[in-house]
Amino acid sequence: MRILVTGSQGQVGHCLVEQLVGMKQVTMLACDRHQLDITDRTAVMNKVSEFKPTVIINAAAYTAVDKAESDRDRAYAINQKGAQYLAEAAEQQGAALLHISTDYVFAGDRENAYHEQDPTEPNSVYGASKLAGEQAIQTACSKHIIIRTAWVFGEHGGNFVKTMLRLASQRDALSIVDDQVGGPTYAGDIAQALIHIAQCIDAGNDVAYGVYHFAGEPHVSWCEFASTIFTRAYEQGVLKTIPTVTPISTAEYPTPAKRPANSRLNTIKIMAHFSIPASDWQHALGNLIRYQD
């Protein structure tokens with residue numbers, strides 16, 4: 001199996017490289033944005049033509065949610081056009097494309113967890129650009145797997161867990177949003193899921209291409225997630241004290257981009273098709289010393 005990984009320095013990309021290195025019968029080419037600019041169609045076509053991957057895993061994305069509101073062209077260039085070019089190159093090569101998308105493609109205003117077939121209605125430039133990327137892939141590449149995920153965190157790169165650990169070491173009290181609910185998802189679990197799917201494709205299994213949801217359980221609010229992080233960090237000696245946490249509403253913490261109030265993703269489909277369980281985010285908080293910069 002020949003795997004091309006884009007966005008190799010991101011949270012999921014870093015985990016993909018860690019897990020793929022040394023795997024038997026796998027030849028990997030990992031590219032960060034300096035080694036492959038996915039917004040350059042010619043560069044993408046040339047790289048894919050030269051390496052001849054059987055699977056492309058696109059972990060590259062514009063993920064600065066608030067900045068995207070004023071940087072629309074760049075967000076679309078990466079999240080839509082970049083995805084499109086990789087899809088076109090995959091189709092030309094006969095490769096499968098595995099792509100990471102987001103809960104932000106939904107409005108976040110329904111009561112229950114979102115299924116793959118639920119209507120999309122993004123409320124931000126970031127969400128709209130990611131949805132445009134999904135649609136471009138579906139049009140251009142017959143062998144595609146789109147994985148929607150949410151609230152990604154890990155030891156590498158910037159994320160909520162690292163921010164909370166830093167703030168908790170500096171402050172005695174924190175106010176955290178409590179009316180947004182979702183499933184925190186460990187980047188290492190996303191990488192593992194993508195590799196498992198790639199192996200199923202490589203093995204010639206009857207793969208149902210399309211859109212899947214993969215995220216963490218149990219579902220919690222940001223405030224509940226933070227409180228769990230603080231407790232676990234204290235137990236592991238990462239924090240000397242646990243800060244006082246005050247729940248606040250989204251209205252009390254305004255941001256340029258609107259966040260989904262409900263980011264819960266139903267993961268039954270990916271379990272049924274690939275036997276991949278939801279991400280166990282609580283287990284992933286067992287080594288918080290590694291989350292410190």
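Glu 224 is partly exposed, with a relative accessible area of 44%, where partly exposed covers the range between buried, under 20% relative accessible area, and exposed, over 50% (1.4 Å probe, protein chains only). The residue belongs to helix 7, residues 222-235, and helices here are DSSP runs of H or I with at least four residues, strands being runs of E with at least two, both numbered from the N terminus. The model is a predicted one, in which local features need pLDDT of at least 70 and side-chain atom pairs count only at pLDDT 80 or more, while totals for chains, interfaces and linings use all residues. Residues are numbered from 1 along each chain as its sequence is written, and side-chain values use heavy atoms, with hydrogens and water left out.

**Surface charge**

- Glu 224 gathers with Asp 178, Asp 179 and Glu 252 in a patch of negative charge on the surface.
- Such a patch is made of residues with over 30% relative accessible area and no salt bridge, like charges being joined within 9 Å and nonpolar side chains (Val, Leu, Ile, Met, Phe, Trp, Tyr) within 5 Å.

**Salt bridges**

- The count comes to six salt bridges, each being a side-chain nitrogen of Lys or Arg within 4 Å of a carboxyl oxygen of Asp or Glu.
- One of them pairs Arg 110 with Asp 118, whose closest N and O atoms are 2.6 Å apart; Arg 110 is partly exposed at a relative accessible area of 29%, whereas Asp 118 counts as buried at 15%.
- Another joins Glu 134 to Arg 148, with the closest N and O atoms 2.9 Å apart. Glu 134 lies in helix 4 (residues 125-140) and Arg 148 in strand 5 (residues 144-149), so the pair ties together parts that are 14 residues apart in sequence. Both Glu 134 and Arg 148 are buried.
- A further salt bridge brings together the side chains of Arg 290 and Glu 155, at 3.8 Å from N to O. This pair links distant parts of the chain, 135 residues apart, with Arg 290 in the segment after strand 15 (279-280) and Glu 155 in the loop between strand 6 (152-153) and helix 5 (160-170).
- Within that pair, Arg 290 is partly exposed, with a relative accessible area of 48%, while Glu 155 is buried, with a value of 13%.

**Cysteines**

- The count of disulfides comes to zero, a disulfide being a pair of cysteine sulfur atoms within 2.5 Å.
- For Cys 31, the closest cysteine sulfur is that of Cys 15, which at 18 Å is too far for a bond; Cys 31 is buried, with a relative accessible area of 2%.
- For Cys 141, the closest cysteine sulfur is that of Cys 200, at 17 Å and likewise too far for a bond, and Cys 141 is buried, with a relative accessible area of 1%.

**Backbone features**

- Most residues other than glycine have a negative phi, and most peptide bonds are trans.
- A cis peptide bond, with omega of about 5°, joins Glu 217 and Pro 218, and Pro 218 sits in the loop between strand 11 (216-217) and strand 12 (220-221).
- Gln 25, although not a glycine, has a positive phi of about 60°; Gln 25 lies in the loop between helix 1 (11-20) and strand 2 (27-31) and is exposed, with a relative accessible area of 74%.
- Lys 52, also a residue other than glycine, has a positive phi near 55°; Lys 52 is found in the loop between helix 2 (41-51) and strand 3 (55-58) and counts as partly exposed at 47% relative accessibility.

Definitions and conventions. Areas by Shrake-Rupley, 256 points an atom, 1.4 Å probe, with all protein chains shown as cover. Lys, Arg positive; Asp, Glu negative; His and termini not counted. Charge placed at Lys NZ, Arg CZ, Asp CG, Glu CD.
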